[in-house]
Amino acid sequence: MKGPIWLGPKRAAALAERFGTPFYAYSARTLRTRARALKRAFPDAAIRYAMKANACPALLAEVRRAGLGVDTVSPWEVRLAREVGFRRKEIIYSGNMPSDDDLRAVHREGVMINLDALSSLRRFGRIAPGAKVSLRVNLDVGGGHHPHVITAGPESKFGLAPEELPEARAIAAEHGLRIVGLHQHIGSGIFDVGLFLEALDPLLALLVDFPDLEFVDAGGGFGVPYRPDEKAIDLEAWGAAITERFRVAARRYGRPLKLMLEPGRYVVCEAGLLVARVTTVKRTRDRVFIGTDSGMHHLIRPALYQAWHPVVTLPARERSAERCFVTGPICESGDLLAEERAMPVPDEGDLVVVGNAGAYGFSMASHYNLRARPAEVMIDGDDWRLVRPREDYRDVVRRRDVRRA
Ligand code: LLP
């Protein structure tokens with residue numbers, strides 16, 4: 001992979017010509033490289049790719065072929081994972097605030113259910129007495145690239161507090177539920193393995209209170225650099241430190257125990273690009289706006305988290321850089337793909353390529369303003385194929401009979 005923008009100008013132009021814009025492009029090779037690196041760094045672990053990061057079926061199929069399982073968060077994620085060919089035991093469901101229907105549907109699929117509220121546990125016990133279950137805990141250590149993605153700590157809606165665990169065990173006992181897993185996920189975009197270990201240690205200290213455990217799931221959250229000044233994590237070092245801690249705890253536990261991890265971003269982020277076309281260059285009194293045919297409806301991360309994504313325009317223009325605002329057609333001033341970015345102002349008709357868009361890009365896209373979601377193209381070396389066509393009007397309006405609405 002040659003930097004975050006791995007698609008050359010010729011191929012970008014050819015794909016844009018062929019499929020129109022905007023489209024997401026995914027590199028199967030990068031994805032496989034990431035999956036391999038994870039498996040190598042964590043030899044004891046079952047890696048469950050968090051498919052919320054990107055649930056494109058063709059991409060999931062690559063993930064499956066690379067030997068990872070999946071972490072899911074909704075009944076339809078479970079359903080799609082099954083359709084793509086993941087086996088039941090390769091799937092874990094970590095729902096938050098699940099409805100009874102969610103619990104029933106996931107239980108029917110026969111996958112491991114990970115719960116994080118006493119109420120969910122009680123309701124699950126009534127729905128599936130005697131089942132196996134895993135508990136998600138919140139041990140007060142959280143982190144992440146933005147407050148919205150910190151998923152543990154006193155203000156978080158996720159996980160059971162340590163003081164709730166005796167009652168959780170009592171509820172499980174009452175319904176014959178067997179607690180076979182302990183889980184935590186502290187947040188997303190973590191660069192400091194020290195923080196990860198700070199959360200892992202108290203998790204491992206809980207094992208003694210749970211005699212039936214089959215696995216410990218330490219979550220995902222592995223950071224990926226977006227800005228040029230951010231450094232990639234040392235995955236080998238993470239692997240060594242986490243594996244060491246886990247092995248000591250597992251030995252002390254004395255029964256076979258599996259480590260699970262559920263990275264999403266790490267697997268797919270750098271494998272994805274969003275390619276759009278410049279529709280409108282607009283100079284106002286104060287600003288230069290580069291208007292494109294994509295925007296916050298396709299990649300909401302800059303608008304939602306003020307996330308910084310690498311952006312280049314193609315073809316390269318030999319012009320001095322100006323501070324540009326890259327935006328889209330959406331009726332909101334927050335509709336930005338890049339804010340105050342020093343770059344040469346492109347011509348209308350040029351392409352805009354946004355890097356690091358494989359994770360939480362398409363998966364968070366919407367139909368806001370009745371816009372179609374982009375096409376998706378899988379690139380594998382010299383091969384490419386359209387893996388999901390751009391939506392049309394009927395997809396967007398859900399095939400409702402508008403005449404009778
Ligand atoms: N496991 C659980 C239970 C999770 O909630 C998540 C992410 C993951 C694993 C995967 O985390 P990752 O390895 O991808 O960091 N939309 C945000 C990220 C939200 C993550 C939510 N949970 C973003 O675009 O930064």
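This is a predicted model: local features need pLDDT of at least 70, side-chain atom pairs count only at pLDDT 80 or more; totals for chains, interfaces and linings use all residues.
Let me start with the ligand: 18 residues surround it, the closest being His145, Ser188, Glu262, Arg301 and Tyr360. Residues are numbered from 1 along each chain as its sequence is written, and side-chain values use heavy atoms, leaving out hydrogens and water.

By class, the shell has 6 nonpolar, 6 polar and 6 charged residues. Charged means Asp, Glu, Lys and Arg; nonpolar means Ala, Val, Leu, Ile, Met, Phe, Trp, Tyr, Cys and Pro; the others, Gly among them, are polar.

Now some individual atom pairs. Ser188 has a polar side-chain atom 2.4 Å from an oxygen atom of the ligand. For Glu262, a polar side-chain atom lies 2.7 Å from a ligand nitrogen atom. Arg265 has a side-chain N or O atom 2.7 Å from an oxygen atom of the ligand. The ligand has 580 Å² of accessible area on its own, and the protein covers 93% of that (Shrake-Rupley method, 1.4 Å probe).

Next, the domains. The protein is divided into domain 1 (9-24 + 269-390) and domain 2 (28-268), with bounds from an automatic or database domain assignment. Their C-alpha centres lie 32 Å apart. Where they meet, 25 residues of domain 1 are in contact with 26 residues of domain 2, contact being heavy atoms within 4.5 Å.

Which domains does the shell around the ligand draw from? It takes at least three residues from each of domain 1 and domain 2.

Notes: A residue is near a molecule or strand if one of its heavy atoms lies within 4 Å of it. A polar contact is a pair of N or O atoms within 3.5 Å; within protein, one must be able to donate a hydrogen and the other to accept it, and residues adjacent in sequence count only if both atoms are side-chain atoms.
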